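Q: Hi! Could you walk me through this one while I have it open on my screen?
A: Happy to, let's take a look together.

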Amino acid sequence: MQQLHQTQTELLKLLSKALFEKEVNSACSDWKALYREANVHKVFPLVFSVSKAYVADEALLGKSEKLARHSLATTVSLNYAHAALHRLMQKENIPYVTFKGLASSLYYPQPELRNAGDVDFYVHPADFERCQSVLQQAGFECVENEGRHAGYQKGGVVLELHRRIGDVPHNALGQQITRQIMDDLIESAVVADIGQGKVKIPDTFHHGMILLLHTIAHMTKEGVGLRHLCDWAVFEASLSDEAFCELFEERLKACGLWRFAQQLSLCANRYLGAPERAWQGSADNAFLEKLISDIIASGNFGKKDIDRKGQIKYIADRGEGTVKNTSAWRQVRKTLAQKAALEGKSKAAVVAEYAKNVLTGKRHPDTKQTIETAAERKALYSEFHLYEHNE
(Lines give C-alpha, C1' and ligand atoms only; values in the text may rest on other atoms or scores of the structure.)
Protein backbone atom coordinates (compact mmCIF):
# COMPACT_ATOMS: atom_id res chain seq x y z
CA MET A 1 0.00 0.00 0.00
CA GLN A 2 1.32 3.43 -0.94
CA GLN A 3 1.68 6.17 1.67
CA LEU A 4 -0.46 9.28 1.40
CA HIS A 5 1.12 12.29 -0.24
CA GLN A 6 0.59 15.89 0.85
CA THR A 7 -2.33 16.62 -1.47
CA GLN A 8 -4.26 13.64 -0.08
CA THR A 9 -3.44 14.56 3.51
CA GLU A 10 -4.71 18.10 2.90
CA LEU A 11 -7.86 16.72 1.29
CA LEU A 12 -8.62 14.69 4.40
CA LYS A 13 -8.06 17.72 6.62
CA LEU A 14 -10.54 19.77 4.59
CA LEU A 15 -13.12 16.98 4.75
CA SER A 16 -12.77 16.93 8.54
CA LYS A 17 -13.54 20.65 8.54
CA ALA A 18 -16.56 20.25 6.26
CA LEU A 19 -18.02 17.28 8.12
CA PHE A 20 -17.08 17.93 11.75
CA GLU A 21 -15.99 21.60 11.87
CA LYS A 22 -12.40 20.73 12.73
CA GLU A 23 -10.01 23.69 12.74
CA VAL A 24 -7.44 23.32 9.98
CA ASN A 25 -4.59 25.38 8.59
CA SER A 26 -4.28 24.31 4.99
CA ALA A 27 -0.77 23.90 3.62
CA CYS A 28 -1.83 22.80 0.15
CA SER A 29 0.68 23.70 -2.55
CA ASP A 30 -1.34 22.45 -5.54
CA TRP A 31 -5.04 23.24 -5.44
CA LYS A 32 -5.66 21.91 -8.95
CA ALA A 33 -4.35 18.51 -7.90
CA LEU A 34 -6.38 18.59 -4.68
CA TYR A 35 -9.59 19.43 -6.52
CA ARG A 36 -8.90 16.66 -9.05
CA GLU A 37 -8.48 14.21 -6.18
CA ALA A 38 -11.71 15.47 -4.59
CA ASN A 39 -13.54 15.01 -7.89
CA VAL A 40 -12.42 11.45 -8.39
CA HIS A 41 -13.71 10.64 -4.90
CA LYS A 42 -17.00 12.50 -5.46
CA VAL A 43 -16.43 14.85 -2.51
CA PHE A 44 -15.64 18.05 -4.43
CA PRO A 45 -18.63 20.14 -3.21
CA LEU A 46 -17.71 19.43 0.41
CA VAL A 47 -14.06 20.30 -0.10
CA PHE A 48 -14.70 23.42 -2.17
CA SER A 49 -17.13 24.80 0.43
CA VAL A 50 -14.36 25.02 3.06
CA SER A 51 -11.33 25.69 0.86
CA LYS A 52 -12.30 28.84 -1.06
CA ALA A 53 -10.67 31.14 1.47
CA TYR A 54 -7.29 29.48 0.95
CA VAL A 55 -7.16 29.62 -2.87
CA ALA A 56 -5.46 32.61 -4.49
CA ASP A 57 -5.82 31.50 -8.12
CA GLU A 58 -8.84 33.49 -9.38
CA ALA A 59 -9.17 31.47 -12.59
CA LEU A 60 -9.24 28.22 -10.65
CA LEU A 61 -11.76 29.66 -8.21
CA GLY A 62 -14.06 30.73 -11.03
CA LYS A 63 -13.92 27.34 -12.75
CA SER A 64 -14.43 25.54 -9.46
CA GLU A 65 -17.37 27.76 -8.52
CA LYS A 66 -19.12 26.75 -11.75
CA LEU A 67 -18.49 23.08 -10.99
CA ALA A 68 -19.88 23.50 -7.47
CA ARG A 69 -23.01 25.24 -8.79
CA HIS A 70 -23.52 22.47 -11.34
CA SER A 71 -23.27 19.87 -8.57
CA LEU A 72 -25.81 21.77 -6.47
CA ALA A 73 -28.20 22.02 -9.42
CA THR A 74 -27.90 18.27 -9.99
CA THR A 75 -28.66 17.58 -6.33
CA VAL A 76 -31.72 19.84 -6.34
CA SER A 77 -32.95 18.22 -9.56
CA LEU A 78 -32.59 14.77 -8.02
CA ASN A 79 -34.42 15.92 -4.90
CA TYR A 80 -37.35 16.94 -7.09
CA ALA A 81 -37.15 13.53 -8.79
CA HIS A 82 -37.29 11.80 -5.39
CA ALA A 83 -40.33 13.87 -4.43
CA ALA A 84 -42.04 13.12 -7.75
CA LEU A 85 -41.37 9.41 -7.24
CA HIS A 86 -42.95 9.61 -3.77
CA ARG A 87 -46.09 11.19 -5.22
CA LEU A 88 -46.26 8.59 -7.99
CA MET A 89 -45.87 5.66 -5.57
CA GLN A 90 -48.48 7.14 -3.26
CA LYS A 91 -50.88 7.67 -6.13
CA GLU A 92 -50.44 4.10 -7.39
CA ASN A 93 -50.49 2.67 -3.86
CA ILE A 94 -47.11 0.95 -4.25
CA PRO A 95 -45.18 0.61 -0.97
CA TYR A 96 -41.57 1.69 -1.52
CA VAL A 97 -38.46 3.16 0.08
CA THR A 98 -35.52 5.09 -1.36
CA PHE A 99 -32.05 4.26 -0.06
CA LYS A 100 -28.30 5.03 -0.32
CA GLY A 101 -27.68 8.50 -1.81
CA LEU A 102 -30.43 10.80 -0.60
CA ALA A 103 -30.83 8.96 2.71
CA SER A 104 -27.08 9.34 3.31
CA SER A 105 -27.13 13.06 2.50
CA LEU A 106 -29.60 13.79 5.31
CA TYR A 107 -26.92 12.93 7.88
CA TYR A 108 -24.53 15.58 6.50
CA PRO A 109 -24.28 19.05 8.11
CA GLN A 110 -25.25 20.46 4.69
CA PRO A 111 -27.10 17.73 2.76
CA GLU A 112 -26.87 19.62 -0.52
CA LEU A 113 -23.08 19.27 -0.50
CA ARG A 114 -23.18 15.48 -0.69
CA ASN A 115 -22.47 14.61 -4.33
CA ALA A 116 -25.61 13.04 -5.83
CA GLY A 117 -25.90 10.34 -8.49
CA ASP A 118 -29.28 8.77 -9.19
CA VAL A 119 -32.51 7.67 -7.49
CA ASP A 120 -32.32 4.20 -5.91
CA PHE A 121 -35.54 2.74 -4.56
CA TYR A 122 -36.87 -0.64 -3.50
CA VAL A 123 -40.32 -2.21 -3.78
CA HIS A 124 -41.57 -5.60 -2.65
CA PRO A 125 -40.74 -8.29 -5.24
CA ALA A 126 -44.47 -8.87 -5.69
CA ASP A 127 -44.85 -5.22 -6.80
CA PHE A 128 -41.79 -5.15 -9.07
CA GLU A 129 -43.49 -5.78 -12.41
CA ARG A 130 -46.41 -3.48 -11.63
CA CYS A 131 -43.97 -0.74 -10.68
CA GLN A 132 -42.18 -1.21 -13.99
CA SER A 133 -45.45 -0.67 -15.83
CA VAL A 134 -46.21 2.43 -13.76
CA LEU A 135 -42.81 3.94 -14.58
CA GLN A 136 -43.25 3.26 -18.28
CA GLN A 137 -46.70 4.84 -18.25
CA ALA A 138 -45.13 7.87 -16.56
CA GLY A 139 -42.77 8.29 -19.52
CA PHE A 140 -39.67 6.49 -18.25
CA GLU A 141 -37.72 4.27 -20.64
CA CYS A 142 -36.16 1.02 -19.42
CA VAL A 143 -32.42 1.26 -20.12
CA GLU A 144 -31.20 -1.68 -18.03
CA ASN A 145 -32.69 -4.82 -16.52
CA GLU A 146 -30.24 -7.14 -14.81
CA GLY A 147 -32.55 -9.06 -12.52
CA ARG A 148 -31.67 -7.48 -9.18
CA HIS A 149 -32.63 -4.05 -10.40
CA ALA A 150 -33.93 -2.24 -13.47
CA GLY A 151 -32.85 1.19 -14.68
CA TYR A 152 -35.33 3.76 -16.00
CA GLN A 153 -34.56 7.12 -17.55
CA LYS A 154 -36.51 10.21 -18.52
CA GLY A 155 -34.62 13.32 -19.48
CA GLY A 156 -31.60 13.55 -17.24
CA VAL A 157 -33.18 11.59 -14.39
CA VAL A 158 -32.16 7.97 -13.77
CA LEU A 159 -34.23 5.74 -11.49
CA GLU A 160 -32.92 2.38 -10.27
CA LEU A 161 -35.77 0.11 -9.23
CA HIS A 162 -34.53 -2.66 -6.93
CA ARG A 163 -36.08 -5.98 -5.99
CA ARG A 164 -33.06 -6.94 -3.81
CA ILE A 165 -30.49 -4.96 -1.85
CA GLY A 166 -26.87 -5.78 -1.27
CA ASP A 167 -24.44 -8.61 -1.99
CA VAL A 168 -24.42 -11.13 0.83
CA PRO A 169 -23.09 -14.71 1.07
CA HIS A 170 -25.06 -17.42 -0.72
CA ASN A 171 -25.50 -19.42 2.47
CA ALA A 172 -27.68 -19.62 5.58
CA LEU A 173 -26.02 -16.55 7.12
CA GLY A 174 -26.61 -14.57 3.94
CA GLN A 175 -30.26 -15.57 3.96
CA GLN A 176 -30.49 -14.48 7.59
CA ILE A 177 -29.02 -11.07 6.78
CA THR A 178 -31.30 -10.65 3.78
CA ARG A 179 -34.38 -11.44 5.85
CA GLN A 180 -33.19 -9.11 8.59
CA ILE A 181 -32.80 -6.26 6.12
CA MET A 182 -35.66 -6.88 3.74
CA ASP A 183 -38.53 -8.19 5.81
CA ASP A 184 -39.54 -4.84 7.28
CA LEU A 185 -37.42 -2.39 5.28
CA ILE A 186 -40.43 -0.72 3.69
CA GLU A 187 -42.73 -1.02 6.71
CA SER A 188 -40.16 0.60 9.02
CA ALA A 189 -39.33 3.42 6.60
CA VAL A 190 -39.89 7.02 7.64
CA VAL A 191 -41.08 10.03 5.64
CA ALA A 192 -38.59 12.88 5.33
CA ASP A 193 -39.26 16.39 4.07
CA ILE A 194 -36.35 17.38 1.84
CA GLY A 195 -37.51 20.86 0.92
CA GLN A 196 -38.53 19.93 -2.61
CA GLY A 197 -41.15 17.53 -1.27
CA LYS A 198 -41.47 14.36 0.77
CA VAL A 199 -39.69 11.05 0.36
CA LYS A 200 -39.53 7.72 2.19
CA ILE A 201 -36.13 6.69 3.54
CA PRO A 202 -34.95 3.77 5.70
CA ASP A 203 -35.03 4.10 9.46
CA THR A 204 -31.73 4.35 11.34
CA PHE A 205 -31.07 0.62 11.66
CA HIS A 206 -31.85 -0.28 8.07
CA HIS A 207 -29.87 2.67 6.71
CA GLY A 208 -26.80 1.65 8.70
CA MET A 209 -27.02 -1.95 7.54
CA ILE A 210 -27.44 -0.93 3.90
CA LEU A 211 -24.39 1.36 4.17
CA LEU A 212 -22.24 -1.48 5.49
CA LEU A 213 -23.43 -4.02 2.91
CA HIS A 214 -23.02 -1.54 0.06
CA THR A 215 -19.51 -0.57 1.17
CA ILE A 216 -18.39 -4.19 1.51
CA ALA A 217 -19.86 -5.15 -1.87
CA HIS A 218 -17.86 -2.47 -3.67
CA MET A 219 -14.73 -2.50 -1.52
CA THR A 220 -14.14 -6.18 -2.25
CA LYS A 221 -14.71 -5.59 -5.97
CA GLU A 222 -13.68 -2.41 -7.77
CA GLY A 223 -13.16 -0.47 -4.54
CA VAL A 224 -14.70 2.42 -2.64
CA GLY A 225 -13.63 6.04 -2.35
CA LEU A 226 -13.84 8.75 0.27
CA ARG A 227 -17.55 9.40 -0.30
CA HIS A 228 -18.34 5.97 1.15
CA LEU A 229 -16.20 6.70 4.19
CA CYS A 230 -17.85 10.12 4.61
CA ASP A 231 -21.32 8.56 4.42
CA TRP A 232 -20.47 6.15 7.21
CA ALA A 233 -18.66 8.78 9.29
CA VAL A 234 -21.58 11.21 9.50
CA PHE A 235 -24.05 8.39 10.06
CA GLU A 236 -22.32 6.69 12.98
CA ALA A 237 -21.37 10.06 14.48
CA SER A 238 -25.08 10.92 14.69
CA LEU A 239 -25.58 8.18 17.29
CA SER A 240 -24.42 8.02 20.88
CA ASP A 241 -22.51 4.99 22.16
CA GLU A 242 -25.65 3.69 23.82
CA ALA A 243 -27.90 4.20 20.80
CA PHE A 244 -25.45 2.60 18.37
CA CYS A 245 -24.86 -0.45 20.55
CA GLU A 246 -28.54 -0.91 21.24
CA LEU A 247 -29.36 -0.91 17.53
CA PHE A 248 -26.36 -2.68 16.07
CA GLU A 249 -24.00 -4.55 18.42
CA GLU A 250 -25.87 -7.83 18.83
CA ARG A 251 -27.04 -7.96 15.22
CA LEU A 252 -23.69 -7.02 13.68
CA LYS A 253 -21.84 -9.56 15.80
CA ALA A 254 -24.34 -12.24 14.80
CA CYS A 255 -23.76 -11.68 11.08
CA GLY A 256 -20.03 -10.93 11.21
CA LEU A 257 -20.04 -7.21 10.47
CA TRP A 258 -19.14 -5.81 13.90
CA ARG A 259 -15.39 -5.66 13.31
CA PHE A 260 -15.90 -4.05 9.92
CA ALA A 261 -18.08 -1.34 11.47
CA GLN A 262 -15.47 -0.75 14.17
CA GLN A 263 -12.56 -0.42 11.75
CA LEU A 264 -14.47 1.79 9.32
CA SER A 265 -15.36 4.08 12.22
CA LEU A 266 -11.81 4.15 13.59
CA CYS A 267 -10.62 5.13 10.11
CA ALA A 268 -13.20 7.94 10.05
CA ASN A 269 -12.00 9.08 13.49
CA ARG A 270 -8.37 9.28 12.53
CA TYR A 271 -8.66 10.73 9.03
CA LEU A 272 -11.97 12.62 8.96
CA GLY A 273 -12.20 13.87 12.54
CA ALA A 274 -15.27 11.84 13.48
CA PRO A 275 -15.85 11.65 17.26
CA GLU A 276 -14.40 8.68 19.12
CA ARG A 277 -16.84 6.18 20.60
CA ALA A 278 -16.23 3.53 23.22
CA TRP A 279 -17.83 0.78 21.13
CA GLN A 280 -15.20 1.18 18.41
CA GLY A 281 -12.41 -0.37 20.49
CA SER A 282 -8.72 0.44 20.18
CA ALA A 283 -7.05 1.53 16.95
CA ASP A 284 -4.28 -0.30 15.11
CA ASN A 285 -2.64 2.64 13.37
CA ALA A 286 -0.69 0.50 10.90
CA PHE A 287 -3.90 -1.24 9.81
CA LEU A 288 -5.78 2.07 9.49
CA GLU A 289 -2.99 3.49 7.34
CA LYS A 290 -3.39 0.56 4.96
CA LEU A 291 -7.16 0.98 4.94
CA ILE A 292 -7.15 4.70 4.10
CA SER A 293 -4.44 4.11 1.48
CA ASP A 294 -6.62 1.46 -0.15
CA ILE A 295 -9.65 3.77 -0.15
CA ILE A 296 -7.72 6.68 -1.64
CA ALA A 297 -6.00 4.46 -4.22
CA SER A 298 -9.42 3.33 -5.43
CA GLY A 299 -11.37 6.52 -5.96
CA ASN A 300 -15.15 6.35 -6.20
CA PHE A 301 -16.04 2.81 -7.40
CA GLY A 302 -12.45 2.22 -8.51
CA LYS A 303 -12.33 5.28 -10.78
CA LYS A 304 -8.63 5.89 -10.09
CA ASP A 305 -7.47 2.37 -10.91
CA ILE A 306 -9.20 0.48 -13.71
CA ASP A 307 -7.09 -2.59 -12.94
CA ARG A 308 -9.05 -3.17 -9.72
CA LYS A 309 -11.84 -4.98 -11.54
CA GLY A 310 -9.27 -7.45 -12.82
CA GLN A 311 -8.19 -8.13 -9.24
CA ILE A 312 -11.62 -9.22 -8.03
CA LYS A 313 -11.20 -12.91 -8.78
CA TYR A 314 -8.06 -12.99 -6.61
CA ILE A 315 -9.74 -11.36 -3.61
CA ALA A 316 -13.32 -12.34 -2.80
CA ASP A 317 -15.74 -15.21 -3.18
CA ARG A 318 -17.83 -14.61 -6.28
CA GLY A 319 -20.80 -12.32 -5.60
CA GLU A 320 -20.50 -12.66 -1.83
CA GLY A 321 -17.94 -10.18 -0.49
CA THR A 322 -16.42 -12.84 1.76
CA VAL A 323 -12.62 -12.64 1.97
CA LYS A 324 -10.62 -15.49 3.48
CA ASN A 325 -6.97 -15.45 4.51
CA THR A 326 -5.81 -17.66 1.64
CA SER A 327 -3.43 -17.13 -1.28
CA ALA A 328 -4.55 -15.13 -4.31
CA TRP A 329 -3.99 -18.15 -6.59
CA ARG A 330 -6.13 -20.41 -4.41
CA GLN A 331 -8.81 -17.71 -4.47
CA VAL A 332 -8.90 -17.50 -8.28
CA ARG A 333 -9.36 -21.28 -8.51
CA LYS A 334 -12.23 -21.06 -6.03
CA THR A 335 -13.78 -18.13 -7.90
CA LEU A 336 -13.73 -19.98 -11.22
CA ALA A 337 -15.33 -23.00 -9.53
CA GLN A 338 -18.07 -20.77 -8.08
CA LYS A 339 -18.64 -19.21 -11.51
CA ALA A 340 -19.01 -22.68 -13.01
CA ALA A 341 -21.51 -23.74 -10.34
CA LEU A 342 -23.61 -20.57 -10.65
CA GLU A 343 -23.71 -20.79 -14.45
CA GLY A 344 -24.29 -24.55 -14.58
CA LYS A 345 -21.05 -25.22 -16.45
CA SER A 346 -18.14 -27.54 -15.81
CA LYS A 347 -15.10 -26.06 -14.11
CA ALA A 348 -12.94 -27.12 -17.07
CA ALA A 349 -15.22 -25.20 -19.45
CA VAL A 350 -15.02 -22.03 -17.37
CA VAL A 351 -11.23 -22.26 -17.10
CA ALA A 352 -10.98 -22.82 -20.87
CA GLU A 353 -13.25 -19.85 -21.55
CA TYR A 354 -11.15 -17.63 -19.29
CA ALA A 355 -7.91 -18.76 -20.96
CA LYS A 356 -9.39 -18.11 -24.40
CA ASN A 357 -10.41 -14.59 -23.41
CA VAL A 358 -6.87 -13.90 -22.20
CA LEU A 359 -5.27 -15.27 -25.36
CA THR A 360 -7.62 -13.41 -27.71
CA GLY A 361 -7.23 -10.12 -25.86
CA LYS A 362 -10.81 -9.94 -24.60
CA ARG A 363 -9.38 -10.06 -21.11
CA HIS A 364 -5.98 -8.57 -20.43
CA PRO A 365 -3.37 -11.00 -19.12
CA ASP A 366 -2.83 -10.58 -15.41
CA THR A 367 0.47 -8.90 -14.66
CA LYS A 368 2.68 -9.54 -11.69
CA GLN A 369 1.71 -6.12 -10.30
CA THR A 370 -2.00 -6.95 -10.56
CA ILE A 371 -1.54 -10.14 -8.57
CA GLU A 372 0.67 -8.47 -5.97
CA THR A 373 -1.81 -5.62 -5.44
CA ALA A 374 -4.71 -8.07 -5.26
CA ALA A 375 -2.82 -10.09 -2.64
CA GLU A 376 -2.28 -6.93 -0.55
CA ARG A 377 -5.96 -6.04 -0.75
CA LYS A 378 -6.98 -9.60 0.08
CA ALA A 379 -4.74 -9.61 3.17
CA LEU A 380 -6.21 -6.27 4.28
CA TYR A 381 -9.85 -7.27 3.81
CA SER A 382 -9.37 -10.66 5.47
CA GLU A 383 -8.67 -8.78 8.70
CA PHE A 384 -12.31 -7.72 8.81
CA HIS A 385 -13.47 -11.35 9.16
CA LEU A 386 -16.46 -10.49 7.02
CA TYR A 387 -19.61 -12.51 7.63
CA GLU A 388 -17.95 -14.59 10.33
CA HIS A 389 -19.74 -14.81 13.67
CA ASN A 390 -18.15 -12.31 16.11
CA GLU A 391 -18.09 -12.78 19.85
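**Core and helix packing**

Q: Which residues have the most contacts inside the largest nonpolar core?
A: L15, Y35, V47, L226, L229, L257 and Y387 have the most contacts there, in a core of 82 residues. Keep in mind that this is a predicted model.

Q: And which helix gives the most to this core?
A: Helix α11, residues 258–272, with nine residues.

Q: Back to L15, what does it touch?
A: Leaving out residues up to four places away in sequence, L15 touches F20, V43, L46, V47, L226, C230 and L272. There is also a second, separate core of 26 residues, which includes I94, F128, L135 and V199.

Q: OK, helices now. At what angle do α2 and α3 pack?
A: About 145°, with the axes of α2 (residues 31–40) and α3 (residues 44–51) 8 Å apart.

Q: Which residues make that contact?
A: From α2 you have W31, L34, Y35, A38 and N39, and from α3 there are F44, V47, F48 and S51. Seven of the contact residues are nonpolar, two are polar and none is charged.

Q: Why is α2 described as largely enclosed by the rest of the structure?
A: Because seven of its ten residues are buried. Those are W31, A33, L34, Y35, E37, A38 and V40.

Q: What do the buried residues of α2 pack against?
A: They pack against α1, α3, α4 (58–92) and α12 (285–298).

Q: What happens at the start of α2?
A: A side-chain oxygen of D30 comes to within 3.4 Å of the backbone nitrogen of K32. After the helix comes K42, with a positive phi near 60°.

Q: Is E21 buried or exposed?
A: E21 counts as exposed, because its relative accessibility is 70%, and the cut-off for exposed is over 50%.

Q: How about H385, what is its phi?
A: H385 has a positive phi too, near 50°, and is a residue other than glycine. H385 sits in the segment after α16 (368–382).

Q: And why does H385 count as partly exposed?
A: Because its relative accessibility is 35%, and partly exposed covers the range between under 20% for buried and over 50% for exposed.

Definitions and conventions
Residues numbered from 1 in each chain as written. Predicted model: local features only at pLDDT ≥ 70, side-chain atom pairs only at ≥ 80, totals over all residues. Heavy atoms only, no water. Core = buried A, V, L, I, M, F, W, Y, C linked by side-chain atoms within 4.5 Å. Buried < 20%, exposed > 50% of the residue type's maximum accessible area, 1.4 Å probe, protein only. Helix = DSSP H or I, 4+ residues; strand = E, 2+ residues; numbered from the N terminus. Contact = heavy atoms within 4.5 Å. Axes fitted to C-alpha atoms, helices over the stretch in contact; angles between N-to-C directions. Nonpolar A, V, L, I, M, F, W, Y, C, P; charged D, E, K, R; others polar. Polar contact = N/O pair within 3.5 Å; in protein donor to acceptor, adjacent residues only side chain to side chain.
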